[in-house]
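Subject: Structure handover

Hello,

Here is the structure for you to look over. My notes on it follow below.

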Amino acid sequence: MFIAIFLIVIAMALVIAPVMLIKPSSRQQQQSQLRQQALQVKISTHIQKLPAGLNQKKYPTTVAVYRQNWAEQQKYEQQAARLLRLDFEHPLHICDIWAWETDTNLPIATDMLSKIDESIIAIEFNSLGIGLYWLEKNIQITDIQALLDALKNNLKDSGLYSLNLTKAQ
């Protein structure tokens with residue numbers, strides 16, 4: 001009798017275990033909800049390799065990039081640039097912890113950078129739009145959207161982001 005019950009329990013475990021492995025974890029469910037919310041406010045998301053200038057031991061090898069694309073009539077007239085949050089403070093860095101990955105030096109409001117949550121580890125400017133490398137914790141999509149809008153306004157104020165009245169072909 002004991003052996004029969006034991007075999008039934010083992011058989012049930014063999015059936016249930018694979019099903020439990022397929023079920024998304026609570027973290028995966030949270031990420032899915034964040035990405036759905038982002039899509040609703042026209043922020044695209046994709047997974048990208050961690051930029052080389054960031055600590056490979058501190059951060060995962062891939063990170064979610066939340067990007068607000070430029071409007072169809074708008075264009076970004078500079079070379080692509082990426083601002084990285086570094087692990088160490090240095091007086092030559094912007095706000096002591098931010099540094100450009102390349103020799104780019106876009107004007108950026110330092111008061112805005114000093115307030116960015118530590119879960120944002122890089123900011124990217126390119127022909128597609130403005131992207132935030134986000135660890136998907138600590139803040140909400142509304143905060144991401146506000147930050148992307150503030151960064152876009154910063155570019156407008158500096159004259160690097162312009163309205164092109166003729167559609168790009």
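**Two loop residues with positive phi**

Asn-138 sits in the loop between strand 7 and helix 4. Helices and strands here are DSSP runs (helices: H or I, at least four residues; strands: E, at least two), numbered from the N terminus. Phi of Asn-138 is positive, near 75°, though the residue is not a glycine. Asn-138 counts as exposed because its relative accessibility is 51%. For burial, the cut-offs on relative accessible area are under 20% for buried and over 50% for exposed, with partly exposed in between (1.4 Å probe, protein chains only).

Lys-42 is the other case to look at. Its phi is also positive, about 65°, and Lys-42 is not a glycine either. Lys-42 belongs to the loop between helix 2 and strand 1 (44–49). At 71% relative accessibility, Lys-42 counts as exposed.

**Ground rules**

This is a predicted model: local features need pLDDT of at least 70, side-chain atom pairs count only at pLDDT 80 or more, and totals for chains, interfaces and linings use all residues. Residues are numbered from 1 along each chain as its sequence is written, and side-chain values use heavy atoms, leaving out hydrogens and water.

**Overall build**

The protein has four helices and eight strands. From the N terminus, the order is α-α-β-β-β-β-β-α-β-β-α-β. Of the 169 residues, 36% are buried. Take the contacts (heavy atoms within 4.5 Å) with a separation of 6 or more: 60% of them are between residues 24 or more positions apart. Accessible areas come from the Shrake-Rupley method with a 1.4 Å probe; for residues, only the protein chains shown count as cover.

Phe-2, Ile-3, Phe-6, Leu-7, Ile-10 and Leu-14 make a nonpolar surface patch of about 700 Å². Patches take residues with over 30% relative accessible area and no salt bridge; like charges are joined within 9 Å, and nonpolar side chains (Val, Leu, Ile, Met, Phe, Trp, Tyr) within 5 Å. Leu-7 lies in helix 1 (residues 2–22). Its relative accessibility is 52%, so Leu-7 counts as exposed.

**Helix 2**

Gln-31, Leu-34 and Ala-38 of helix 2 are buried. Seen down the helix axis, the buried residues fall within an arc of 60°, so they line one face of helix 2. The arc is taken over the directions from the helix axis to the C-beta atoms. On the other side of helix 2, Ser-26, Gln-33, Leu-39 and Gln-40 are exposed. Lys-42, with its positive phi near 65°, follows helix 2.

**Salt bridges**

Side chains of opposite charge can pair when their charged atoms come close. The structure holds four salt bridges. The criterion is a side-chain nitrogen of Lys or Arg within 4 Å of a carboxyl oxygen of Asp or Glu.

Arg-35 and Glu-136 form one of them, at 2.9 Å from N to O. Arg-35 lies in helix 2 and Glu-136 in the loop between strand 7 (129–134) and helix 4 (141–158), so the pair ties together parts that are 101 residues apart in sequence. Arg-35 counts as partly exposed, at 24% relative accessibility. Glu-136 counts as buried, at 3%.

Glu-101 and Arg-82 also meet in a salt bridge, 3.0 Å from N to O. Glu-101 lies in the loop between strand 5 (98–100) and helix 3 (110–113), and Arg-82 in strand 4 (residues 81–85), so this pair links parts that are 19 residues apart in sequence. Glu-101 has 34% relative accessibility and counts as partly exposed. Arg-82 has 16% and counts as buried.

Arg-82 pairs with Glu-124 as well; their closest N and O atoms are 2.8 Å apart. Glu-124 lies in strand 6 (residues 120–125) and Arg-82 in strand 4, so the pair ties together parts 42 residues apart in sequence. Glu-124 counts as buried, at 7% relative accessibility. Through shared partners, salt bridges join Arg-67, Arg-82, Glu-101 and Glu-124 into one network.

Best regards
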